[in-house]
Amino acid sequence: MLDLLIVGGGPAGLTAGLYAVRAGLDTLLLERKFSGGQASTANLIENYPGFDSGVGGPELAMAMEKQAVKAGLNIRYDTCSNLSLTGDIKRATLTADHGVEARAVILAMGAQPRKTGARGEEELRGHGVSWCATCDGFMMRGKRAVVIGGGNTAAEDALYLSNLCEHVTIIHRRDAMRADHALVRKILDHKKITVLWDHVVTSFIGEKKLRAVEVAHTKTGERSELDAEGAFIAVGGHPDTAIAAGQVATDLSGYIIAGEDTRTNLPLVYAAGDLRAKPLRQIVTASADGAIAATMAMQDLRFGESERNTADYMTVDNHR
Ligand code: NAP
């Protein structure tokens with residue numbers, strides 16, 4: 001029986017693991033793929049404190065993992081297919097007949113990238129259609145690419161691709177980007193990036209490889225084609241909370257409702273990182289959640305849970 005099980009090895013889970021083992025909790029972190037989560041796919045992270053020239057996503061993820069493991073964190077690379085969270089003993093089902101039990105659980109499974117739903121998206125996935133500019137961008141050297149979305153990911157992807165591509169067009173459904181002001185300024189000043197405002201992609205076109213995208217104006221409905229050999233989708237994500245569904249309280253979009261103390265509606269179950277309903281999803285806020293969740297778990301395990309303030313859960317502003 002573990003003190004604490006952490007599900008998910010992104011910045012939230014790894015920080016939780018670091019704090020938990022330093023607090024003396026017998027802790028296991030489960031990760032199904034690789035450490036770092038979405039952060040590990042970022043080319044350059046310029047707003048994580050402490051790096052005046054920015055830091056690569058994989059580099060930051062590896063450093064976080066190394067630090068947590070060095071502190072004594074146990075990481076198991078395995079898929080958790082089911083969680084039982086409502087009883088005093090929390091159970092996780094891993095591969096086949098394998099399982100683990102813990103007294104407390106930190107949910108840190110993050111979020112998955114969203115699809116556009118446009119025609120050809122699935123068929124051309126891996127053949128020009130991608131969700132990861134830093135993974136697939138190198139194939140776009142000297143070519144024309146589009147980036148779909150108006151958030152920080154779209155802006156960062158476009159800037160990254162502009163170093164490789166002949167030209168990058170951002171296709172955004174509104175007439176303003178929600179990305180950070182500093183990034184938007186860089187985009188608008190950039191000679192190799194243009195923004196196609198008020199448009200959505202209706203079709204990814206190509207036989208075996210992407211050749212163009214069909215776009216439609218969101219107000220007039222007028223359709224046109226844009227040549228592109230790469231299409232990078234950056235339209236946000238949805239929380240990866242399926243294994244906790246029906247047990248832990250979520251909002252209508254599936255984000256877990258928890259106060260700033262990361263406590264959920266279930267005793268000794270905490271939500272940390274991008275899967276928590278909150279106004280800002282960044283590496284720094286995910287790490288902060290992880291630190292808080294581990295500290296709350298330690299306190300609740302040692303001293304019993306203090307009175308739960310359900311008002312906190314009702315006032316979360318999840319505008320995204
Ligand atoms: P996001 O902020 O949710 O932005 C998603 C974008 O896609 C929005 O512009 C949205 O348009 C658009 N969109 C959503 N669904 C769409 C659809 N079906 N068709 C077309 N467009 C659609 O997602 P994100 O950029 O991936 O960022 C996620 C979180 O991670 C954010 O909190 C962000 O700040 C953070 N992030 C941080 C960093 C960093 O710290 N360096 C880097 C990347 C991301 P609307 O604006 O019209 O809703």
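Student: Which residue in strand 15 is the bridge partner of Val-129?

Tutor: This is a predicted model. In strand 15, Val-129 has Ala-231 as its bridge partner.

Student: What makes strand 8 and strand 15 a pair, and in which sense do they run?

Tutor: Pairing requires at least two bridges between the strands. Strand 8 and strand 15 have 2 bridges, in the parallel sense, so by the cut-off of at least two they count as paired.

Student: How many bridges join strand 9 to strand 15?

Tutor: Strand 9 (residues 144–148) and strand 15 (residues 230–233) are joined by 4 bridges and run parallel. One of the residues involved is Ala-145, whose bridge partner in strand 15 is Gly-230.

Student: What is the order of the strands in the open sheet?

Tutor: The order is 8-15-9-10-11, with 5 strands in parallel pairing.

Student: Why are helix 1 and helix 2 called roughly parallel?

Tutor: The axes of helix 1 (residues 11–22) and helix 2 (residues 57–70) cross at roughly 20 degrees and come within 9 Å. Angles under 35 degrees count as roughly parallel, and therefore helix 1 and helix 2 receive that label. The crossing of helix 1 past helix 2 is left-handed.

Student: Which residues meet where helix 1 contacts helix 2?

Tutor: From helix 1 there are Pro-11, Leu-14, Leu-18 and Val-21, and from helix 2 Ala-61, Met-64, Glu-65, Gln-67 and Ala-68. By class, the residues of this contact are 7 nonpolar, 1 polar and 1 charged.

Student: Why does Thr-41 count as partly exposed?

Tutor: Buried means under 20% and exposed over 50%. The relative accessibility of Thr-41 is 31%, so Thr-41 counts as partly exposed. Thr-41 is in the loop between strand 2 (27–31) and helix 2, and touches Cys-132 and Thr-134, leaving aside residues up to four places away in sequence. Between Thr-41 and Gly-57 there are 5.8 Å in space, C-alpha to C-alpha, although they are 16 residues apart in sequence.

Student: What makes Asp-198 and Thr-262 buried?

Tutor: The cut-off for buried is under 20%. Asp-198 has a relative accessible area of 12%, so Asp-198 is buried. Thr-262 has 0%, so Thr-262 is buried. Asp-198 is in the loop between strand 11 (193–196) and strand 12 (199–205), whereas Thr-262 is in the loop between strand 16 (237–239) and strand 17 (269–271).

Student: What is the phi of Asp-198, and what is that of Thr-262?

Tutor: Asp-198 has a positive phi of about 55 degrees though not a glycine. Thr-262, also not a glycine, has a positive phi of about 65 degrees.

Key. Residues are numbered from 1 along each chain as its sequence is written. This is a predicted model: local features need pLDDT of at least 70, side-chain atom pairs count only at pLDDT 80 or more; totals for chains, interfaces and linings use all residues. Side-chain values use heavy atoms; hydrogens and water are left out. Axes are lines fitted to C-alpha atoms, for helices over the stretch in contact, and angles run from 0 to 180 degrees between N-to-C directions. Angles under 35 degrees count as roughly parallel, over 145 as roughly antiparallel, 65 to 115 as roughly perpendicular and the rest as oblique. A crossing is left-handed if the near helix is turned anticlockwise from the far one by less than a right angle, and right-handed if clockwise. Contact means heavy atoms within 4.5 Å. Ala, Val, Leu, Ile, Met, Phe, Trp, Tyr, Cys and Pro count as nonpolar, Asp, Glu, Lys and Arg as charged, and the others, Gly among them, as polar. Buried means under 20% relative accessible area, exposed over 50%, partly exposed in between (1.4 Å probe, protein chains only).
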